[in-house]
Amino acid sequence: MPNAQTKESIAIVQRALSNVSDRSVIYEVFAEDAPYVSINSTDEDLKRILPHTGTAYGPEGFLSVFKSVQELWEMEEFEIEEAFGEGERVAMFGRFVYRSLSLGHRAESTFAIFARVRDSKIVHFQFHEDSFAAARSFRSGGTWTIETPGRAPIEV
């Protein structure tokens, strides 16, 4: 049975996810210097395709990431399938479905979140999704040739 701190930590992360555009809520639940890591902390090529990736800080960083996401996709479904933790540490897993606004391509992705909550504030937040599915939702043409050891090349 989770203790009170664990339950509070999970509730705070869920509150942030349920209010990604609400400035007052995000300022209430995020520490001013909390890093928000989306998919990868520093991949510049990925950031060119998916501008919301990388590391942002504090409530403004969180808000800007989700503003960027809302400018790229329409969220059709978002479901947390599991949420658990220990004390200040929280893990969440789920899935979401979204549609690119530029091309209308539908994509589905699983996600994983790791967060730390201290003194009722999120002090660290990592969000990982299927970046290949996200990037593919903007694909308008062309192919990649993928070569992996021991397999014939494939065209994607």
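Twelve salt bridges are counted, a salt bridge being a side-chain nitrogen of Lys or Arg within 4 Å of a carboxyl oxygen of Asp or Glu. The model is predicted, so local features need pLDDT of at least 70 and side-chain atom pairs count only at pLDDT 80 or more, while totals for chains, interfaces and linings use all residues. Residues are numbered from 1 along each chain as its sequence is written, and side-chain values use heavy atoms, with hydrogens and water left out.

Arg23 in helix H2 and Glu60 in helix H4 are 37 residues apart; helices (H or I, at least four residues) and strands (E, at least two) are DSSP runs, numbered from the N terminus. Lys67 and Glu71 are both in helix H4, four residues apart. Glu76 lies in strand E3 and Arg99 in strand E4, so this pair ties together parts 23 residues apart in sequence. Shared partners join Glu76, Glu77, Glu79, Arg95, Arg99, Arg106 and Glu108 into one network.

Arg95, in strand E4, is buried at 18% relative accessible area (buried is under 20%, exposed over 50%, partly exposed in between; 1.4 Å probe, protein chains only). Lys67 is exposed at 52%, and Arg23 is partly exposed at 44%.
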